[in-house]
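I opened my notebook and went through this one a piece at a time. Here is what I looked up, in the order I got to it.

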Amino acid sequence: MGHQEEALHMTPEEQKVFEDKLYAYVGVEVCSRKPAKDAVNETMIRHWTEVMGDTNPAYTDPEWAAQSRRGKTIAPPAMMYVWNQEGYSVASSGRASDPQTEMAEMLNDHGFTGVLGTNVKQEYVKEISPGDTVYVQMVIDNISERKVTARGPGYFFETLATFSDQNGDTIGVQRFRVLKFIPQEQPAASASDDKLQVPTRIASPRGHDNGWWWNAVDEGKVLIQRCKGCQTLRHPPRPMCGECQSMEWDSIESTLDGEIMSFTALRHPKIPGYPADPICAVIKLGEGTNIVSNIVGCDFDDIAIGMKVKGKVEQVDEKTMLPQFYPA
Amino acid sequence: MVANIKDKAVIVGVHNTKFSKDSGVSELSLAAQAVKGAIDDAGLKPSDIDGFATFTMDSNDEIEVARAVGCGDLTFWGRSHYGGGAATGSLHQAVMAVATGMAECVAVYRALNGRSGQRFSSGVSGEIMTADAIHWGWYMPYGLLTPASWVAMFNQRWMHLTGVTKDAMFEVAHSTREYAINNPNAFFHGRSFDRAEYDASRMIADPLQLFDCCQESDGASCVIVTTPERARDLKQPGVAVRGVAQAAAPDQEQMTSFYREEFAAIPEMEIAAKNCFEMSGLSVDDIDAAVIYDAFSPIVLWQLEAWGFCGFGESGDFVLDGALRPGGRLPTNTHGGQLSEAYIHGVNGIVEATRLVRGQSRNQPEKDINHALVTSGVGIPTGGALLGKLDY
């Protein structure tokens, strides 16, 4: 009989005995305050910021930092947990036993073999700079009641690590939440893929006055509304002609030859479903109307007002067809 | 013909709540605090308030505010649309109500948890099918989602046409910050910045960097409008509304009027200026100080041109000559503006313009302030108001 069935078939009495042992770990110290192997140093800061793509000069540019209010570089606050990592010895000789590993073993023995880090929350109190030494002290802060999760039944536990410097001042705290669970048989890969929600671009709602335009985009065409009364082109589409008040209209297809009137890139915030720093532009089409779209296929620095562009309708993500413009 | 409300309505009470990034209270609580504070400032009683004016974007129903503050009968309420375009739009509603006798004491309020609640920088999304949602649909799929990105699109072209550089944008942000340093209710109270810090701040939407953008704030502001007769009996020096206008221009969209023949312009603000001057009988030379809506630094520059303080493309030189500073031609955003005090959708600006005319600003200029300009947001249907000393 495997662990999984053992755990699932725990009687209420057995579960109580098990949980009494489990909850005894609440408040237990995983490690007492101990220093990192290395002092805070510029080399590790540089490696970390390179990997993270963080170019803040406050971390890596001593010249800049000397002019700043702080007068010196600081370590990125989010690096707080890095300094006290065990390092490669864990891979070769394994992790030394401590109350957290003992608790994990006990959970494993009862079938809760699955492990999933679910949340990390850091709070920063004090800045540190090269030369400081980071100390860590950690406790098991809390353990949830038994939960039924999509992964299977299990318990969430949270460790609370307190980081301090060589003077004993708190630098910050980190809460790390882990789910230990009894793995359930997963549906076939293809079926689970269907449920994966990959964020896509936010679509326009489609109503009476604009739905036909977006439907044409889905078929690869960019149309421009044209008044049947006076032949005036208009975009965005509207139900009535502003020139002659006719409500009769048809449309023409744009050749998507255009010129950039203005442009920007949305650097912040990052929006799920969009490429990083999307470049948006107002483009005057050859037919005479303006349209807002993306500029792709070139660097932001190579874009200028007055530049000629050529558009085509492309599939930009799983669900979205959009006109996109390239340098002509 | 311009309707004439000149001197028929007077601002008699103003109040700002504490501004913060996390108020810890409801927006209704903020609204009630702002209204009560303005009533106290005026020396009125809650039961004197018989009308309200606010933004369509405000979440606080007038009757809820009335119940919370303990007001009595209401005979008027009116809301103004288009985000920050409603700043002096709400004042416009209140002035019309008082001038026509529809109400005697109208409280203009705006309360928002703009940082701890719904944030502007989180952008628009397409959940609801309205004309408004269809409008945003022309921009959302491309990622043109935030107020900063819309203003950046105008600004990039305006800078291209005029040759105005970031030196002028920095001067707007910096002169405003220098005022905030003296204002204890400003987020940036006591905190200066220099060009190096400005240049090093992160890019939000080219060419707008962090310090070109206003804050997201929690807080509320209120001003109370009543008749000149009643104002003369109240405790604060009355601040008369000489002119107030709302305006939209042809081919107007909400923040995205990209389809005009030349879109690096704000013709709606030019209409508001023309009508305010005509209504008041004042000219640009009569304006001694200003509170110019500053959701983003460059929009102050465009408005200086729209109101005729200088010609098209000349606002850069105008501000670089020190015009916005304490001893300058037009001390501007003396509370620290929305860039450095708080973003309360321009109503904190009406509070400050009132204080300038009263002589009560934290950064009161040495010269006599007989007339102050206050404006609403830019890129949207908008407006402005000219305030002056009440005749006693």
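**Entry 1: a threonine in chain B**

I started with a polar contact: a polar atom of the Thr54(B) side chain lies 2.6 Å from the backbone oxygen of Tyr109(B). My note on the term: a polar contact is a pair of N or O atoms within 3.5 Å; within protein, one must be able to donate a hydrogen and the other to accept it, and residues adjacent in sequence count only if both atoms are side-chain atoms.

Before going on, I wrote down the ground rules. This is a predicted model, where local features need pLDDT of at least 70 and side-chain atom pairs count only at pLDDT 80 or more, while totals for chains, interfaces and linings use all residues. Residues are numbered from 1 along each chain as its sequence is written, chains are lettered from A and ligands numbered from 1 in the order in which they are written, and side-chain values use heavy atoms, with hydrogens and water left out.

Back to the threonine: Thr54(B) sits in strand E2 (residues 51-55) of chain B. I noted that helices (H or I, at least four residues) and strands (E, at least two) are DSSP runs, numbered from the N terminus.

Is Thr54(B) buried or exposed? Thr54(B) is buried, at 0% relative accessible area. The cut-offs, with a 1.4 Å probe and protein chains only, are under 20% for buried, over 50% for exposed, and partly exposed in between.

I then listed what Thr54(B) touches, leaving aside neighbours within four places in sequence: Glu62(B), Gly78(B), Arg79(B), Ser80(B), Ser90(B), Tyr109(B) and Arg110(B). Contact here means heavy atoms within 4.5 Å.

**Entry 2: chain B as a whole**

I zoomed out and found 13 helices and eleven strands in chain B. The radius of gyration of chain B is 19 Å, close to the 21 Å from the globule rule for 392 residues, so chain B is as compact as a globular protein of that length. That radius is taken over C-alpha atoms, and the rule is 2.2 Å times the number of residues to the power 0.38.

The C-alpha atoms of chain B fill a box of roughly 50 × 50 × 45 Å along the principal axes. Of the 392 residues of chain B, 66% count as buried. I also checked contacts in chain B between residues at least 6 apart in sequence: 78% of them join residues at least 24 apart.

**Entry 3: where B meets A**

How many residues of chain B are in contact with chain A? I got 37 residues of chain B, touching 41 residues of chain A. The area buried between the two chains is about 3,400 Å², and carbon and sulfur atoms give 66% of that. Trp138(B), Pro141(B) and Tyr142(B) supply 25% of the area that chain B buries against chain A, more than any other three residues. Buried area is the accessible area (1.4 Å probe) that two parts lose on being put together, summed over both.

Next I looked for charges, and the count between chain B and chain A is two salt bridges. In one of them, the side chains of Asp206(B) and Arg267(A) meet at 2.7 Å, N to O. A salt bridge needs a side-chain nitrogen of Lys or Arg within 4 Å of a carboxyl oxygen of Asp or Glu.

There are also 14 residue pairs in polar contact between the chains, both residues at pLDDT 80 or more. On the side of chain B that touches chain A, H5(B) gives the largest share, six residues.

**Entry 4: a covered helix in chain A**

I picked helix H9 (residues 211-218) of chain A and saw that six of its eight residues are buried. Among them are Trp212(A), Trp213(A) and Trp214(A). The buried residues of H9(A) pack against several strands of chain A, including E7 (223-227), together with H4 of chain B.

- Asp206(B), the salt-bridge residue, is joined to Pro207(B) by a cis peptide bond, with omega about 5 degrees.
- His268(A) and Pro269(A) are also joined by a cis peptide bond, with omega about 0 degrees.
- Asp7(B) has a positive phi, near 60 degrees, and is partly exposed at 22% relative accessible area.
- Asp251(B) has a positive phi near 60 degrees and is partly exposed at 44%.
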